[in-house]
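Biologist: Could you walk me through this one, and tell me what each label rests on? I'd like the cut-offs next to the values.

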Amino acid sequence: RTLTDHEIDRFAVLGKISELLNGCYELQELLDKALKITVEATGAERGMLLLDRGGADYEIPSFHTQTESGDRNFSRCVVERVEHSGEPLLSLDAQRDERLTGSTSLRIMGTRSILCIPITSRNRSFGYMYLDSSVRAGALTQSDLKLAAVIAGMAASAIERAEDFSILVQNEKLAAIGTLTAGLLHELSNPLGSILGLGELLHMEVGGELTEELLEEAKRCRNLVQDLLRLSRKGP
């Protein structure tokens, strides 16, 4: 009963995101919807996810803006500070923030309020959630930081779960292919046996290099089939 309407709205946002993350295994859909809800709930002008996937630069798999601008530029100075400290960064006024005086990009973009949060789970870092606004100073607050931090943690768990699910699906596919291959190999064994038998008869009657080559190739195919059959059987 002591909760304000604003606090209740925040709980509703978390409820929506929790429902979303628990009801979907498609990673791109998860990222897009979670970011969209976060941007709208915090009132940020733009939001993007910067994921580290081993490339030379961060990938931006998800971007959302509440304006017509599609500009995806971000301040590397901000991201580097968060990377080195491991802690979220909130700047109420980036133009006057002494921590960000070295960032030329913030001045060029006219960024006033900025929020950058690491996306981590079990000591594993996936990247960053980056929110900003050029409308006014203080557009993003400490309350927005707390909300976005919770969502970033949920997003990290969702990414891990989506990756695990992808591996599980791939393993199931491999198992299905193994079963299919075993059946196919059994079917190939019979015609290969016939080819070998007929080839030996032909070689006995006709002889020559051609029939000998035919037998060698047929035997090679038979050996490959036998090797694959051994591999498909359960065992060490």
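Modeller: With that, Cys24 falls in the loop between α1 and α2. Keep in mind that this is a predicted model, where local features need pLDDT of at least 70 and side-chain atom pairs count only at pLDDT 80 or more, while totals for chains, interfaces and linings use all residues. Residues are numbered from 1 along each chain as its sequence is written, and side-chain values use heavy atoms, with hydrogens and water left out.

Biologist: Why is Cys24 called buried?

Modeller: Buried means under 20% relative accessible area, exposed means over 50%, and partly exposed is in between (1.4 Å probe, protein chains only). Cys24 has a relative accessible area of 9%, so it counts as buried.

Biologist: Which residues make a nonpolar patch with Tyr25, and why is it called a patch?

Modeller: Tyr25, Phe165, Leu168 and Val169 form it on the surface, with about 340 Å² of accessible area together. The areas come from the Shrake-Rupley method with a 1.4 Å probe, and for residues only the protein chains shown count as cover. A patch takes residues with over 30% relative accessible area and no salt bridge; nonpolar side chains (Val, Leu, Ile, Met, Phe, Trp, Tyr) are joined within 5 Å, and like charges within 9 Å.

Biologist: What makes the patch of Glu209, Glu212, Glu213 and Glu216 negative?

Modeller: Asp and Glu count as negative, Lys and Arg as positive, and His and the chain ends are not counted. The patch is formed by Glu209, Glu212, Glu213 and Glu216, so by that rule it is negative. The place of each charge is taken as CD of Glu (CG of Asp, NZ of Lys, CZ of Arg). Glu216 is in helix α6 (residues 209-232), and its 46% relative accessibility makes it partly exposed.

Biologist: How do you know that Glu40 and Lys36 form a salt bridge?

Modeller: A salt bridge needs a side-chain nitrogen of Lys or Arg within 4 Å of a carboxyl oxygen of Asp or Glu. For Glu40 and Lys36 the closest N and O atoms are 2.9 Å apart, so the pair qualifies. Both lie in helix α2, 4 residues apart, about one turn of the helix. Glu40 is partly exposed at 41%, and Lys36 is partly exposed at 37%. The structure holds 8 salt bridges.

Biologist: What does the salt bridge between Arg76 and Asp57 tie together?

Modeller: Their closest N and O atoms are 2.6 Å apart. Arg76 lies in helix α3 (residues 76-85) and Asp57 in the loop between β1 and β2 (59-65), so the pair ties together parts that are 19 residues apart in sequence.

Biologist: Why does Asp93 count as buried, and which residue does Asp93 pair with?

Modeller: Asp93 has 14% relative accessibility, so it counts as buried. Asp93 forms a salt bridge with Arg112, the closest N and O atoms being 3.1 Å apart. The pair links distant parts of the chain, with Asp93 in the loop between β3 (89-91) and α4 (104-109) and Arg112 in the loop between α4 and β4. Arg112 is partly exposed, at 27%. Salt bridges that share partners join Asp93, Arg96 and Arg112 into one network.

Biologist: What makes a set of residues a nonpolar core, and how many residues has the largest?

Modeller: A nonpolar core is a set of buried Ala, Val, Leu, Ile, Met, Phe, Trp, Tyr and Cys residues joined through side-chain atoms within 4.5 Å. The largest has 29 residues, and Leu115, Ile119, Met129 and Leu131 have the most contacts inside it. α5 gives the most to this core, with 8 residues.

Methods
Helices (H or I, at least four residues) and strands (E, at least two) are DSSP runs, numbered from the N terminus.
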